[in-house]
Structure formats: C-alpha cells, structure tokens
Amino acid sequence: MPAEDLSLLSAAEGARRIGDGLLTSEEWVGACLERIRALEPKVQAWTFLDEKHALAQARAADERRRSGEPVGSLNGVPVGLKDIIDTADMPTENGTVLHKGRTPREDATVVTMLRAAGAVILGKTVTTECAYFSPGKTRNPHNLEHTPGGSSSGSAAAVAAAMTPLALGSQTNGSVIRPASFCGVYGFKPTHGLIPRTGVLQLSRTVDHIGLFARTIDDIALLAEEAAGYDERDPDTRPRARIPFRELSLEEPPVKPMFAFVKTPHWERVDADAKEAFGELVETLGEQVEEVELFPSAVEAWAWHKTIMEVEMAANFEREYRSGRDKLSAQLRALIERGQEVRAVDYQRALRGVAPAAASFDDLFMQRFDAILTPAALGAAPKGLASTGDPVFCTLWSLLGLPALSLPLMQAANGLPLGVQLVGRRNFDARLLRTARWLAASLEA
C-alpha cells in the first residue's frame, strides 16, 4: 500500500491529527515543501519561501503541543499569504519592483491572529502588481497555458496544487472569487470589515477585503474563525462576539434553502458552456431557485465601483506614481491617472449610492432567499497569461460588501474548473457557508 501523501490533507483533518498526536507539523510542512519543490518550477505560485524557517515554525508548534501548553485551532497548520500582507519575518513586496526587498517592522493584524492560533506561515504567494491587473508569474495548475486569475494568483494556485491547505488573498474587485473559480478551489470573500486589513496594502478602503482559499468548506470555516476580528486601527471592523463558523456551517438548515438566480446585466457575455452549466444547475434545483432581476438601484453599481476604486487607488498610490511611474505597468498608471481626474462630486455621488443598493439586498434576503446564485466569472480560465480574466461578476458584491463564496462545483467543456458563486446577506457569513454546504451535498447526492 503506497504511503499517504500528507500534502493532500485538509486543514481540519491535519489539525485533528496533530492534536491527537498522530501527526507532527514538521511531517506535514515537510510534505508540503516536498510538493512545492516538485510543482513550483511549473506553477510558480510563490514569491518567497524559506524552507528552514517554515520547518522551524513547525517544530515550535510541535513543541507547544508536547509541552502541554494551550494551543490554538490552527496549531501546526500551514498557511500561505498573498504578498501584500505584511510579515515581520519575511519580505512583503506587493508585486512591484518599487517595493523590492521591503521587510515590514511588524506583522499585519490578521497574521498576528493566525500566529496566535498556532499557524505556520509557509511563505508569500504571488500577487499581480499592487493587487491590480498586471499579471505575475503564476500559472493555472489545471493547465499551465491558462491564467490562474488574479490578483490573488499564487494563493489560489498554491491551494489548488496542494502546496498548502490554506491561503489568504484579498479582493477589491474580483481577486478572490475569480481565481478560486479558475483554479477549482473554495474562495471566500467575507462581509466587508469582518477581517481586519491593518498591515495589508491598501488599494481602496471602501471595497478592500481579505479573502480565504481552501479545498473544503470545513477549512474555510476553520480559517475564518481565526481570521475574523476587531482591530481599532481598521475603522471598518467593529467589536463583536466570536463567530463559531465551524459549528454554524455544520448545522442542517431548518428548511431547504431558497436561491435567487441573479444573471446581472452582463449575462450575455458569459461563455456558452457556462450558460449551459448554470441552466442545468437551475433545473436541478427546481423549486429551490427563482430568477430575480437586479433592483434599479444596483444597476449603476459597476460605474460606482470604478469611480470609487480609481479615486482611492490614485490617492493611495500617489507616492509610487510620483517617484516611479515609469516602473509601473501601463494598466496601473492609466488607472491612477483616471482617478486623479474624477470630480469630487462624482466620487461622492458614487459613495452615496452604495448604502441604498446594499439595503435593497437586505430586503431580498429577509423576504425569501438564503443566498444569491450567480456566476463567479464569465467562464473557465481563459487561455494565455497576459490577462487574469474579467472580474465583472464580482464587482457588485465587492462594492456592497456582501459575503461571497466560489464553490468548485462544475466543469467547462474543456475540462477546466467552473465556479458557482453564492452571495449572502451582510454579516450572515456563517449562514452562507451552511447554505453552501447544503448546495454542495445536494448536488453530490
């Protein structure tokens, strides 16, 4: 009987075995590093990796357990971090030559929380330039000629290739949901402000989110439970009771969930095989799904998002533009220049539109529906590495700050993964995971 490949373990299973003394973190991390050595030359998911440092963290986690110290739920669990998330013991270069060699003085708040839970920070994963559109070196593990998506390219690809069971990314437009769909993993963008962003490269305070990648819903819940929290330095977080993500996501829904199938005004751009796949999904769900048109207040959301994101990115990258504009990609340079030209009245008008649109979705959820069902992307990962794909099916939910999850439930005609996006009510993130689990189980049955 062949030896078990420990790199394939889920985070929840690996953590359980470590807790029961059936596995050491050093063994598990060693298996992940071995897999990285084998696959990284092709996939290129990592921008920084120090094997000795990773193993030293793993041995420290093992020693904590052996000594009888209280340990967190992630003790010894490997986690990859998108290279826009600050780490005091590793470089954080934000995908730009302008920040080459940058080593922060302290960890990002979310990293401090993960370390407190016992996580082993395996290394830093590739991001597109400043978490915008210009691609990094990463390739899709399912087909190396196709994009992994972006901007959290390395995090999605590393989890898909079983280099790490968990990874953190970020989403300002579609940077978690789209790469999760393209790489065939679970990608979770929580409610805006649920996970603190202090120490993470700021693009746009209004729409920046930290996101999570894993290969199971259990693992998303495990990671979310430790990553969610309050930080007084992030004004969009707030004090709240600890959310028992794992417990709530495992509950059986009291009644069968109802889904609102929202095509959005961009449905005609969806690939033919993706349309066919969603048609079959809707048919399978039968009475549990109903097609819903977008509210008039939400139709302008794509234009609002563009205005808000470009203005705030222009302000946040002002120093980079002034001192090194010739080192920035044409895409990022053009965005900054567009943002500089927006009138204050147009920016304020866009900001004012967000709250009423978000409230209209609160009404939708309260009336009838447990989750919105919609594509995660226009289709499977496009061929070629010059672009990371179109985020248009993520824009609305990022703007409104609603929790969203990409589920790897379908395949395109070419065999590449095709994600299903579920969107939930604000601050009902654990309930969204519960609904997602029901959907995945129902389709499997």
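Mentor: A contact here means heavy atoms within 4.5 Å. The model under discussion is predicted.

Trainee: What share of the contacts in the protein with a separation of 6 or more comes from residues 24 or more positions apart?

Mentor: The count takes in contacts in the protein with a separation of 6 or more. Within that set, residues 24 or more positions apart account for 76%.

Trainee: What radius of gyration does the protein have, and what would a compact globule have?

Mentor: The C-alpha atoms fill a box of roughly 60 × 55 × 45 Å along the principal axes. For 445 residues, a compact globule would have a radius of gyration near 22 Å. The protein agrees with this, because its own value is 21 Å.

Trainee: How many helices and strands are there, and what percentage of the residues count as buried?

Mentor: The protein has 16 helices and 11 strands. A residue is buried when its relative accessible area is under 20%. Of the 445 residues, the part that counts as buried is 58%.

Trainee: What part of the accessible surface belongs to carbon and sulfur atoms?

Mentor: The accessible surface of the protein comes to about 17800 Å². The part of it that belongs to carbon and sulfur atoms is 50%.

Trainee: How far apart are the mean positions of the positive and negative charges?

Mentor: The protein has 49 positive and 58 negative charges. Their mean positions are apart by 4 Å.

Trainee: Which elements do the buried residues of H4 pack against?

Mentor: Helix H4 covers residues 109-116, and Thr109, Val110, Val111, Met113 and Leu114 are buried in it. After H4 comes Gly118, with a positive phi near 100°. The buried residues of H4 pack against strand E2 (78-82), E3, strand E4 (166-171) and helix H7 (217-227).

Trainee: Is Thr264 buried or exposed?

Mentor: Thr264 is found in the loop between strand E7 (259-261) and helix H9 (272-285). Its phi is positive, near 65°, though Thr264 is a residue other than glycine. The relative accessible area of Thr264 is 13%, and the cut-off is under 20%, so Thr264 is buried.

Trainee: How does Asn427 count, given the cut-offs for relative accessible area?

Mentor: Asn427 lies in the loop between strand E11 (417-423) and helix H16 (429-444). Asn427 is not a glycine, yet has a positive phi of about 70°. Its relative accessible area is 39%, which lies between the 20% and 50% limits, so Asn427 is partly exposed.

Trainee: Which cysteine sulfur is nearest to that of Cys183, and at what distance?

Mentor: A search of the whole structure finds zero disulfides. Cys183 is in no disulfide, since a pair of sulfur atoms would have to be within 2.5 Å. Cys183 is also buried, with a relative accessible area of 0%. The nearest cysteine sulfur is 13 Å away and belongs to Cys394.

Trainee: Which residues does Arg17 touch, not counting those up to four places away in sequence?

Mentor: Arg17 is in helix H1, residues 11-19. With 18% relative accessibility, Arg17 counts as buried. Beyond four places in sequence, Arg17 touches Glu4, Leu6, Leu9, Leu22 and Leu23.

How values were computed. Residues are numbered from 1 along each chain as its sequence is written. This is a predicted model: local features need pLDDT of at least 70, side-chain atom pairs count only at pLDDT 80 or more; totals for chains, interfaces and linings use all residues. Side-chain values use heavy atoms; hydrogens and water are left out. Helices (H or I, at least four residues) and strands (E, at least two) are DSSP runs, numbered from the N terminus. The radius of gyration is taken over C-alpha atoms; the globule rule is 2.2 Å times the number of residues to the power 0.38. Buried means under 20% relative accessible area, exposed over 50%, partly exposed in between (1.4 Å probe, protein chains only). Accessible areas come from the Shrake-Rupley method with a 1.4 Å probe; for residues, only the protein chains shown count as cover. Lys and Arg count as positive and Asp and Glu as negative; His and the chain ends are not counted. The place of a charge is taken as NZ of Lys, CZ of Arg, CG of Asp or CD of Glu.
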